[in-house]
Amino acid sequence: MQLTLLEAGSRVGGIFQTQERDGFLLEHGPDSFISEKPAALELARRLDLEPHLIETNENYRRSFVVKHGRLLPVPEGFHLMAPSRLWPFVKSNIFSWRGKARMSLDLVLPRRLRNGSVGDADDETLAHFVRRRLGQEALERMAQPMVGGIYTADPEQLSLRATMPRFLEMEREHRSLIRALRKQNSRQDSGVGQGTSGARYSLFLSFDRGMQLLTDKLAQRISNFTSEISAQTSISVNAPVESLALEPEEGETPRWKVRTSRGETLIADAVCLALPAYRSARLLRDVDAQLASELDGIPYASSATINFAYKRENIPHPLDGFGFVVPFIEKRAIMACTFSSVKFPGRAPQGHALLRAFVGGALQPQLLNLSRDDLLATVRADLRELLGIEQAPLFAEVSKWERSMPQYHVGHLERVMRVEQRLASLPTLALAGNAYRGLGVPDCISSGEAAADLLAADLRG
């Protein structure tokens, strides 16, 4: 057996990009993964990377939300859109008293009657759900910026069932989100979900040398892994695929003809496309037009990450948290900013700080059209007003990610089911990646492993 990995870029790992510069450790892509979904943690253990795993700083497990130019702490026990602890919520200045009263109605509002089927009619947008249960202010001041930081999405389009089905389950089982979260909070150990704000930061993990360590170790392990399965494996970088065709062979299962931009032609018994959906659509247009159309219908958003290196003395803010999110109604360029050197150890030299800002997304795509200098000036103006930073950074690194974040709009899961139905007629083809059933690192790993298992079973069959 021969396994060939064709990589369009100059290195494997995609958006997993860690850079060391002047004693700083910069993440251009994801900076962590969540252990609640086990796939990433299990892979790290199989790769003998467990000694390199690090947790978030236990002294500053909280985040902030911007309101009228001020950073206000997310109330302890607040989960994305609703509180699990009432007194911190009551004391918070993020919401007006009118907004708090409207959110409290969740305790008495009836649950939405659902038809019990899996279909578009039973789905709703995140915005509609939050308005219905908690009101407009909860959406604008908390749910939109929190979810925007995760999905870079427009809540008016985002499918709740495809992204956060647990909130639908809470309504169905407990009627009230607040009641469900309070019950959940009372069951958790004191170290998980309590004494923190926003996300459950104790569940977030990274590596001491950055997230790229994971993909580098995977590439290194290939030769050892292939000896275990009696296969020859090769990796070709700078080898984007130009065309894909299914070639019938008399009396045999059709095989795939793969052509690369370097003029190479490979014949394969099975193919896995771990690509953005729109790129897979282009390759499959002549193979299955209906499948390609479904894949092309998955929208994408673009975003940029900007790492800023500073001397700690040049940042007036105490940086006593992991970062902040910015509601869209604040009308700023930044949608979120992580205090990277506070969140994880080893990200900046002693006496220095590393910040990572996020811009763009579905709500502000025009920012990606700015030049590097204009983008830096715009973001620095926000940092000056929000954190009091007047000094120029020691350096700044900009990474633009064009059409990198699939948008799970209402009807997304039905589209994925139609894609899977079309794939059933092409048993030696598999799709993997963040476009289908999860955006996070563990989701992508699970997707890749499922695709590999599927193709292995088909080939054995």
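**From values to terms**

Modeller: Let us begin with strand E16 (residues 300-311), in which 11 of the 12 residues are buried, so that the strand is mostly covered. Please keep in mind that this is a predicted model.

Colleague: Why are strand E4 (33-34) and strand E5 (53-55) called edge strands?

Modeller: The sheet in question is open and has 3 strands in the order E4-E10-E5, with antiparallel pairing. E4 and E5 each pair on one side only, and they are therefore the edge strands. E4 pairs with strand E10 (residues 204-207) over 2 bridges, and the requirement is at least two. Within this pairing, phenylalanine 33 has leucine 205 of E10 as its bridge partner.

Colleague: Why is the contact between arginine 356 and aspartate 31 called a salt bridge?

Modeller: Side chains of opposite charge can pair when their charged atoms come close. For a salt bridge, a side-chain nitrogen of Lys or Arg must lie within 4 Å of a carboxyl oxygen of Asp or Glu. For arginine 356 and aspartate 31 the N to O distance is 3.9 Å, so the name applies. The pair links distant parts of the chain, 325 residues apart: arginine 356 is in strand E19 (residues 352-360), and aspartate 31 is in the loop between strand E3 (24-27) and E4.

Colleague: Are these two partners buried or exposed?

Modeller: Buried means under 20% relative accessible area. Arginine 356 has 3% and is therefore buried; aspartate 31 has 13% and is therefore buried as well.

Colleague: What makes glutamate 294 and arginine 415 a salt bridge?

Modeller: Their closest N and O atoms are 3.0 Å apart, and the limit is within 4 Å. Glutamate 294 belongs to helix H11 (residues 289-296) and arginine 415 to helix H14 (residues 412-423), 121 residues apart. Glutamate 294, at 12%, is buried, whereas arginine 415, at 21%, is partly exposed.

Colleague: Why can aspartate 382 and arginine 332 be said to tie parts of the chain together?

Modeller: The two form a salt bridge, with the closest N and O atoms 3.2 Å apart. Aspartate 382 lies in helix H13 (residues 372-387) and arginine 332 in the loop between strand E17 (323-325) and strand E18 (334-339), so the pair ties together parts that are 50 residues apart in sequence. Aspartate 382 and arginine 332 are both buried.

Colleague: How many salt bridges are found in the whole structure?

Modeller: The search finds 29. Some share partners: Asp106, Arg112, Glu124, Arg132, Arg133 and Glu171 are joined in this way into one network.

Colleague: Which residues form the patch of positive charge on the surface?

Modeller: The patch consists of Arg179, Arg182, Lys183 and Arg187. Arginine 187 is located in helix H8 (residues 177-187). Its relative accessibility is 62%; a patch residue needs over 30%, and exposed means over 50%, so arginine 187 also counts as exposed.

Colleague: Where is arginine 403 found, and why is it called partly exposed?

Modeller: Arginine 403 is part of strand E20, and its phi is also positive, near 45°. Its relative accessible area is 39%.

Conventions: Residues are numbered from 1 along each chain as its sequence is written. This is a predicted model: local features need pLDDT of at least 70, side-chain atom pairs count only at pLDDT 80 or more; totals for chains, interfaces and linings use all residues. Side-chain values use heavy atoms; hydrogens and water are left out. Helices (H or I, at least four residues) and strands (E, at least two) are DSSP runs, numbered from the N terminus. Patches are made of residues with over 30% relative accessible area and no salt bridge: like charges are joined within 9 Å, nonpolar side chains (Val, Leu, Ile, Met, Phe, Trp, Tyr) within 5 Å. Accessible areas come from the Shrake-Rupley method with a 1.4 Å probe; for residues, only the protein chains shown count as cover. Lys and Arg count as positive and Asp and Glu as negative; His and the chain ends are not counted. The place of a charge is taken as NZ of Lys, CZ of Arg, CG of Asp or CD of Glu. Buried means under 20% relative accessible area, exposed over 50%, partly exposed in between (1.4 Å probe, protein chains only).
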